[in-house]
Amino acid sequence: MNNLNKTSVPGRDKTKDIVKKGLNKRYRKERRFRVFGCAAVIISLGFLFVLFISIISNGYTAFQQTMVRLDVYLDTDVIDKDDLAGTNYAKLIHDALLSVYPDVTKYNEKRKLYELVSTGAAYRLRDFVAKNRHAIGTTIQIWVPADDDVDMLIKGHIDRDTPQSRRRINDRQLAWVDHLVSRGQIKKVFNMTFFTAGDSREPELAGIWGAVCGSFYTLIVTLVLSFPIGGAAAVYLEEFAPKNRWTDIIEVNINNLAAVPSIVYGLLGLAVFLNFFGLPRSVPLVGGLVLTLMTLPTIIIAGRSALKAVSPSIREAGLSIGASKVQLVVHHVLPQALPGMLTGTIIGMAQALGETAPLLMIGMVAFIVDIPAGFTDPSTVLPVQIYLWADSPERAFLEKTSAAIMVLLLFLMIMNATAVFLRKIFEKKQ
């Protein structure tokens, strides 16, 4: 008997060794998996960090604008008090520049000198004269926006050591700018124009306000249509629809529509809303209708998931006290599912805010200067504005592109934070 016990010990030891080796192997795999997971997270955060740094480094200077101070004589021979709108304000600006550099006499040199200030300087002077008629006949000091090339030079985006033939600003203009800087006639200020103006062919005059208003009107149309329709569809399919082949087909198609490329919805909007119904192009109304079609599947899927997450005990308790199916859904199930439905809706709206492709198909890529005042006014949206600026050759539009991306990302983060906040609020009330 003792011999049997002695011979069985090596067998147990061998089994323990096998188990130990298996455990060690499993632990090593687990450690490798954790290392790979951490590495993946770190790499992802690294790429995200590089992306943000690239956007911020290229775009933060767009929040500053270079201004030039000019001593402008409001010549009564040029300004007609009875017709201020017909006054040649550009001539007054040019005369002010020539008074600083009287040695500039040749036509080509004068043209280069005039290019130091923006074409918007004349409009700023016009607005000043309209508000200060009593100043006509006197010399005033006024700060006007510099040309985009001068703006890029002051911000350090133009290398002075680059040969003149490869610069957008020549050596003579560099000397003029340096002279103005030495006299304190050039400064950088916060760029309010970027937030209050619409699009423009001149980078120093371009702003995002028109695109922001267009995005606002478009999202209002999308929200008003998509949330009620998507919520009602989710409630019907989850709570009232019979489980048969037809509802299975509808569910499969809803899931497939959520994966359809967004440009397909643009083609649908082009064919239905523009060509068939004859709605105007490039308006928030049509853009909102197209984005509604695109976001409906996402809202329906999110709504059904929120309804499924409601505890079955709530349904059983409601039915046990004699509530009808409609009363059960309206008074018990829907309030519990509303936070999830709202979260899905806001996430869908955030997705719609960043869409460009479907809106390009319905003409919202047009160059529009005026600020839209309603749902049927021509407009563009923020992502399309970014696309237009990114396609422009001027270096000044590059910084505006990055700055507009920063604003868009800020809106997206606010919308997602709002979704989380609303969810927390509703959960506390419950």
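Analyst: Helix α16 gives the most to the lining of the largest cavity, with 3 residues. A cavity here is a set of points, on a 1 Å grid over the protein atoms alone, where a 1.4 Å probe fits but cannot get out, and lining residues have an atom within 4 Å of a point. Helices (H or I, at least four residues) and strands (E, at least two) are DSSP runs, numbered from the N terminus. This is a predicted model, where local features need pLDDT of at least 70 and side-chain atom pairs count only at pLDDT 80 or more, while totals for chains, interfaces and linings use all residues. Residues are numbered from 1 along each chain as its sequence is written, and side-chain values use heavy atoms, with hydrogens and water left out.

The lining of the largest cavity includes Gln64, Gln65, Asp148, Asp151, Ala396, Glu399 and Lys400. The elements that give two or more residues to this lining are β1, α5 (148-154) and α16 (395-429). By class, the lining has 6 charged, 3 polar and 2 nonpolar residues; Ala, Val, Leu, Ile, Met, Phe, Trp, Tyr, Cys and Pro count as nonpolar, Asp, Glu, Lys and Arg as charged, and the others, Gly among them, as polar. The volume of the largest cavity is about 60 Å³, taken as the space filled by probe spheres set on the points, with grid points joined across faces, edges and corners.

A search of the whole structure finds 2 cavities of 30 Å³ or more.

Key
On a 1 Å grid over the protein atoms alone, a cavity is a set of points where a 1.4 Å probe fits but cannot get out, and a pocket is an open set with protein on both sides within 12 Å along at least five of seven lines; lining residues have an atom within 4 Å of a point.
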